Amino acid sequence: MDGKTVISVDTTGGDRGPGTILAGLSKSAKKNPAIRYILHGDEATLEGLLRRRPTLRAISEIRHAGGVVPMDAKPSYVIRHAAGTSMLGALDSVRSGEAQVAVSCGNTGALMALSMLRLRTAPGVDRPAIAVMWPSHAPHGYNIVLDVGADVRSDAHTMAEFAVMGAEYARLSFNLARPRVGVLNVGSEDTKGRPDIREAAALIGEIGPSAGEFEFVGFVEGGDIVSDRVDVIVTDGFTGNIALKTAEGTARFINDSMRQAFSKGILSRLAALIALGSLTRLKKRIDPRRVNGGVFLGLNGAVVKSHGSADATGVAAAVKLAFRMGETGFARRVADRVALLPAGRRAVAADGHGG
């Protein structure tokens, strides 16, 4: 496709349907003429929607896929019944080299399972991770947290790989030469936490100055996720997913509470009008749509998971991230960085010990 960065899109994943996804693709394309799309979904439906978006149609290729991965389907079921689905088609376009990145708003567990099946993990990677941007007090506005749900089990060696992959993601996203990496724990003292957490910290501290090229700051606590103390926070998928869902719920609660508070009486409405500029900036700051996109790290290919409930703005944000990954050859950069880990570490991880 004209030598441009090609993004393969699962148009049937998510809660809002292909119309919303196409609206997001259109928003992103208007800001970046170097994007091209391969759209996977029902051909007749996509053709009908694209008639109203001729500019988007001109930079898109449709691949018919009649099957849809249900949002509540278990990964084991999806693997057995994935043939002909738009999610599998989107991943296969990356596998074949036709596209640089796949984007889906669909079932997270299913997307990860199919990604591992079709793209496989990169050499030396034990388990992939899902990394997300987290609003913070850092100058660049965000910290990176991983894993937030790819696998609830993460031993010390796997978490060391997460540190290396997360640091590379921070280099790409924040243009940092030596990102600061911390391990999420119940306290910052060296004696705190489970034995595997302390072992992970020891390994990460060893590899940071050499293979990882990052600064290890030690243990960090939950409050540090939004601080300027660290750029990358490493944790297991169980803890990371709970933290993510808690943060999303808190953001919604704050938004709803502010709306209710400023709707009670004339004085409250007047106060809201006076504070409108500041409130708008705050809403954008905590709006998950504007940092939409969890990145699957450690695969032989780039995959971005957008929120299932993402609107056009959220989809556009995920596509913007996907374009940046494809443009820079990010998946290969991560694989090359992990390959620099000491051979002994990779061998133990590959055997699955401790997992």
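## Surroundings of L146

In this predicted model, L146 is in contact with A129, I130, A131, F162, G166, V232, I233, V234, T235 and L297, when its neighbours within four places in sequence are left aside.

## Nonpolar cores

In soluble globular proteins, nonpolar side chains tend to be buried together. The largest nonpolar core here has 66 residues. Those with the most contacts inside this core are I7, L25, Y37, I144, L146, Y169 and M325. Helix α7, which covers residues 156-174, gives the most to this core, with 12 residues.

## The largest cavity

Rolling a probe the size of a water molecule over the atoms shows where empty space is left. Two cavities of 30 Å³ or more are counted, and the largest has a volume of about 50 Å³. Its lining consists of A122, F296, L297, G298, L299, G301, A302, M325, F330, A331, V334 and A335.

Two or more residues of this lining come from each of β10 (294-297) and α13 (330-338). The element that gives the most is α13, with four residues. By type, the lining of the largest cavity holds 10 nonpolar residues, two polar and no charged.

## The second largest cavity

The second largest cavity has a volume of about 30 Å³ and is lined by V9, D10, I21, L25, V103, S104, C105, V315 and V319. The elements β1 (5-10), α1 (18-31), β4 (101-104) and α12 (312-328) each give two or more residues to this lining. Seven of the lining residues are nonpolar, one is polar and one is charged.

Terms used: Residues numbered from 1 in each chain as written. Predicted model: local features only at pLDDT ≥ 70, side-chain atom pairs only at ≥ 80, totals over all residues. Heavy atoms only, no water. Core = buried A, V, L, I, M, F, W, Y, C linked by side-chain atoms within 4.5 Å. Buried < 20%, exposed > 50% of the residue type's maximum accessible area, 1.4 Å probe, protein only. Contact = heavy atoms within 4.5 Å. 1 Å grid on protein atoms, 1.4 Å probe; cavity = no way out; pocket = protein on both sides within 12 Å on 5 of 7 lines; lining within 4 Å. Points joined across faces, edges and corners; volume = space filled by probe spheres on them. Nonpolar A, V, L, I, M, F, W, Y, C, P; charged D, E, K, R; others polar.
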